Amino acid sequence: MMELKTPARHDPTAAATALPVAIRRPVLADAGTLESLARESEILDVNSRYLYLLLCRDFSGTCRVAQCAGKVVGFVSAYFPPAQPHVLFVWQIAVAKEYRGKAVALRMLMDLLSGLPDNQSFTIEATITPSNGASQALFQRLAAEFACPLRVDQGFPEALFAPAAHESERMFYIGPVVLGSHRGSMKEHTSS
Ligand SMILES: CC(C)(COP(=O)(O)OP(=O)(O)OC[C@H]1O[C@@H](n2cnc3c(N)ncnc32)[C@H](O)[C@@H]1OP(=O)(O)O)[C@@H](O)C(=O)NCCC(=O)NCCS
């Protein structure tokens, strides 16, 4: 198991979480914004427009966008791997720079999870590069929400990305998560 440093909290105040954000499933017309948010993050791999269209069409049940004053300011994409129906793999998550630190990412994840069936035990997986402290903090916070263990292991080593220069991606495992018992305390994080 790999060691994980805990980054300092950057803005955990109640005022920050009061940002009025509506969380919803993406629709086809959001695909371009998902691509732009990925590009503007300067961290995420930018996928093709076609891929974002497929996410919005075929995986919208496990994807979310966050909308503030009519503008999409964040998205998360996730899916259940066909061979592992008890794993929710969180693929990409991005929040526009000016909206970060306001629990937008956490609220999207909690909204997505609140849409899954009760009393089903599953594991949340995500890969994160060692240099991405914000994303590590987000998933640490998610694990804390469910009082679940978080385990970090080797995911996709650098060599698998050759010839591209790409940091290794460590695999984060959160679980087992059982949703039913958590419904009540999710409310403060879901969309307003
Ligand atoms: C990672 C990202 C999605 C987080 O979005 P966000 O809306 O700012 O995150 P939240 O406000 O919901 O924060 C959730 C938790 O993570 C912590 N956190 C978020 N960004 C942080 C940072 N830069 N430093 C330290 N902690 C951070 C928050 O403090 C919070 O924990 P807490 O409540 O215990 O304090 C955003 O920084 C981003 O879009 N980054 C670029 C794309 C990216 O790296 N995606 C992930 C790839 S795996």
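# Notebook: prolines, positive phi and helix packing

**Entry 1, cis peptide bonds.** I began with Pro 163, which sits in the loop between strand 6 (150-156) and strand 7 (169-178). I note at the outset that this is a predicted model, and I read each of the entries below with that in mind. The peptide bond that joins Ala 162 to Pro 163 is cis, with omega at about 10 degrees. I then looked up Pro 176, which lies within strand 7, and found that the bond between Gly 175 and Pro 176 is also a cis peptide bond, with an omega of about 5 degrees.

I turned next to Ala 103, where phi is near 65 degrees, a positive value in a residue that is not glycine. Ala 103 belongs to the loop between strand 4 (87-95) and helix 3. Is Ala 103 buried or exposed? I count Ala 103 as buried, because 25 other C-beta atoms lie within 10 Å, and the cut-off for burial is 20 or more.

I also looked up Asn 119, which is not a glycine either and has a positive phi of about 60 degrees. Asn 119 is placed in the loop between helix 3 and strand 5 (121-128).

At what angle do helix 1 and helix 2 pack? For helix 1 (residues 31-41) and helix 2 (residues 49-58) I find an angle of about 120 degrees, with the axes 8 Å apart. The two helices are therefore oblique to each other, since roughly perpendicular covers 65 to 115 degrees and roughly antiparallel begins over 145. The crossing of helix 1 past helix 2 is right-handed. On the helix 1 side I listed Ala 31, Gly 32, Leu 34 and Glu 35 as making the contact, and on the helix 2 side Arg 49, Tyr 52, Leu 53, Leu 55 and Cys 56. Sorted by class, the residues of this contact are 6 nonpolar, 1 polar and 2 charged.

I stayed with helix 2 and asked which of its residues are buried. They are Tyr 52, Leu 55 and Cys 56. Viewed down the axis of helix 2, the buried residues fall within an arc of 95 degrees, so they line one face of the helix. Tyr 50, Arg 57 and Asp 58, by contrast, are exposed on the other side of helix 2. I then checked what covers the buried residues of helix 2, and the cover includes helix 1 and strand 3 (71-79).

The last pair I looked up was helix 3 (residues 104-114) and helix 4 (residues 133-145), whose axes come within 10 Å and cross at roughly 45 degrees. Helix 3 and helix 4 are therefore oblique to each other, because roughly parallel would need an angle under 35 degrees. Helix 3 passes helix 4 in a crossing that is right-handed. The contact is made by Ala 105, Leu 106 and Leu 109 from helix 3, together with Leu 138, Arg 141 and Leu 142 from helix 4. By class, I record 5 nonpolar residues, no polar ones and 1 charged residue in the contact of helix 3 with helix 4.

Notes
Residues are numbered from 1 along each chain as its sequence is written. This is a predicted model: local features need pLDDT of at least 70, side-chain atom pairs count only at pLDDT 80 or more; totals for chains, interfaces and linings use all residues. Axes are lines fitted to C-alpha atoms, for helices over the stretch in contact, and angles run from 0 to 180 degrees between N-to-C directions. Helices (H or I, at least four residues) and strands (E, at least two) are DSSP runs, numbered from the N terminus. A crossing is left-handed if the near helix is turned anticlockwise from the far one by less than a right angle, and right-handed if clockwise. Two residues are in contact if their C-beta atoms, placed from the backbone, lie within 7 Å. Ala, Val, Leu, Ile, Met, Phe, Trp, Tyr, Cys and Pro count as nonpolar, Asp, Glu, Lys and Arg as charged, and the others, Gly among them, as polar. A residue is buried if 20 or more other C-beta atoms lie within 10 Å of its own, exposed if 12 or fewer, and partly exposed in between; C-beta atoms are placed from the backbone. The arc is that of the directions from the helix axis to the C-beta atoms.
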